[in-house]
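This briefing covers a predicted model.

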Amino acid sequence: MSDPLLLDGRIVSQAMRDEVKERTDELKRQGHDTCLATILVGDDPSSATYVKMKGKACEKVGIESKAVVLPADTTQDTLMQTIKELNEDPKVNGILLQHPIPSHLDERAAFEAIHPDKDVDGVTSASFGRTGLDFGRFPSCTPGAIISILDYFNIELEGKDVVVVGRSPILGKPVSLLLLNRNATVTICHSKTQALAEKVSRADIVVAAVGKPEFVKGDWIKEGAIIVDAGYNPGNVGDVEYDACYKKASAITPVPGGVGPVTIATLLKQTVESAEKSAGLLV
Ligand SMILES: Nc1nc(=O)c2c([nH]1)NC[C@@H]1CN(c3ccc(C(=O)N[C@@H](CCC(=O)O)C(=O)O)cc3)C=[N+]21
């Protein structure tokens with residue numbers, strides 16, 4: 001087979017960032033700043049890196065970032081109070097609580113405390129419900145990014161057999177809903193799925209979202225399938241066995257340079273959208 005089309009996330013991300021910059025500039029002309037608050041709990045080095053990357057990305061497109069760092073032994077009360085203050089701060093347009101947080105804390109309760117209008121990261125049950133109903137904002141960022149990549153490269157979803165491997169609350173489950181909303185036929189596979197390889201081998205499009213390095217094998221893939229790798233394992237290794245999958249695919253996202261950069265661009269886009277809404281430019 002000929003080489004697959006590389007679904008280059010850096011190109012998609014740049015196009016999205018350029019648009020965000022124009023929108024923050026327009027808001028500024030009208031006297032409105034745009035601000036994203038990030039909350040990092042504890043000292044996990046890769047979470048700290050991601051939060052730093054998000055802060056830098058904000059700066060480049062004219063979004064102010066307000067970084068809140070809480071120690072690893074933070075109490076649930078302190079975390080909830082922090083979120084409450086950011087909900088009430090009129091300068092803050094979006095709130096991102098970096099996942100995962102230390103295990104003594106209740107992450108779901110913390111996510112739920114984020115006001116849905118400021119949930120630019122799409123982690124609340126309100127956002128999840130809206131994603132499912134295809135109504136209002138905001139989908140979680142990585143699922144939104146996956147759809148943006150497929151759209152950018154004009155990949156048709158209607159009627160396609162899509163297999164999503166993984167069912168996490170902010171990735172596998174919501175991306176399945178977004179794909180369903182686009183009239184794909186979606187199969188969601190997970191750790192208890194039987195005959196996984198056989199199911200994946202029927203897919204026109206495979207979305208790998210398991211969080212296990214090189215979990216999806218090349219010999220599971222149908223010749224000519226499209227592969228989206230949403231994995232971000234240590235060492236920049238994705239969730240698919242890249243070289244073997246590359247040989248089978250008609251299109252594939254690389255890691256790095258695929259879904260990751262578009263995830264950040266989606267966060268920026270959703271933040272400016274929230275700012276436009278509070279400035280009265282959107283309903
Ligand atoms: N509440 C929450 N929302 C998230 O969206 C969220 C999160 N928690 N926790 C962690 C994951 C991870 N994540 C990534 C974002 C960008 C890259 C990215 O841009 N990666 C670069 C490589 C970066 C490098 O060089 O290390 C790339 O793929 O090209 C990766 C991973 C967002 N996450």
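The C-alpha centres of domain 1 and domain 2 are 28 Å apart. Domain 1 spans 31-115 and domain 2 spans 141-259, with bounds taken from an automatic or database domain assignment. The model is predicted: local features need pLDDT of at least 70, side-chain atom pairs count only at pLDDT 80 or more, and totals for chains, interfaces and linings use all residues. Residue numbers start from 1 along each chain as its sequence is written.

**Sheet**

- An open sheet is formed by 6 strands in the order S1-S9-S8-S7-S5-S6, with parallel pairing. Strands (E, at least two residues) and helices (H or I, at least four) are DSSP runs, numbered from the N terminus, and two strands pair if DSSP finds at least two bridges between them.
- Strand S1 (5-6) and strand S6 (185-189) are the edge strands, each pairing on one side only.
- Helix H7 (residues 172-181) packs on the sheet and touches S5, S6 and S7; contact requires C-beta atoms, placed from the backbone, within 7 Å.
- The direction of H7 makes about 170 degrees with that of S6. Axes are lines fitted to C-alpha atoms, for helices over the stretch in contact, and angles run from 0 to 180 degrees between N-to-C directions.

**Strand S7 and its neighbours**

- S7 (residues 205-208) pairs with strand S5 (residues 161-165) in the parallel sense over 4 bridges, and Val-163 has Val-206 as its bridge partner in S7.
- S7 is also joined to strand S8 (residues 226-229) by 4 bridges, again parallel; here Ala-208 stands opposite Asp-229.
- Ile-205 and Val-207 point one way from S7, Val-206 and Ala-208 the other way, and all are buried (20 or more other C-beta atoms, placed from the backbone, within 10 Å of the residue's own).
- In a regular strand, side chains alternate between the two faces of the sheet.
- S8 and strand S9 (residues 251-252) run parallel, joined by 2 bridges, and Ile-227 stands opposite Ile-252 in S9.

**Ligand shell**

- The ligand has 18 residues around it, of which His-99, Tyr-232, Pro-256, Gly-260 and Thr-263 come nearest; a residue is near if its C-beta atom, placed from the backbone, lies within 6 Å.
- Strand S4 (94-97), helix H6 (141-152) and helix H10 (259-278) are the elements that give two or more residues to this shell.
- H10 gives the most, with 4 residues.
- Domain 1 and domain 2 each supply at least three residues to the shell.
- By class, the shell has 10 nonpolar, 7 polar and 1 charged residues (Ala, Val, Leu, Ile, Met, Phe, Trp, Tyr, Cys and Pro count as nonpolar, Asp, Glu, Lys and Arg as charged, and the others, Gly among them, as polar).

Methods:
A residue is buried if 20 or more other C-beta atoms lie within 10 Å of its own, exposed if 12 or fewer, and partly exposed in between; C-beta atoms are placed from the backbone. Two residues are in contact if their C-beta atoms, placed from the backbone, lie within 7 Å.
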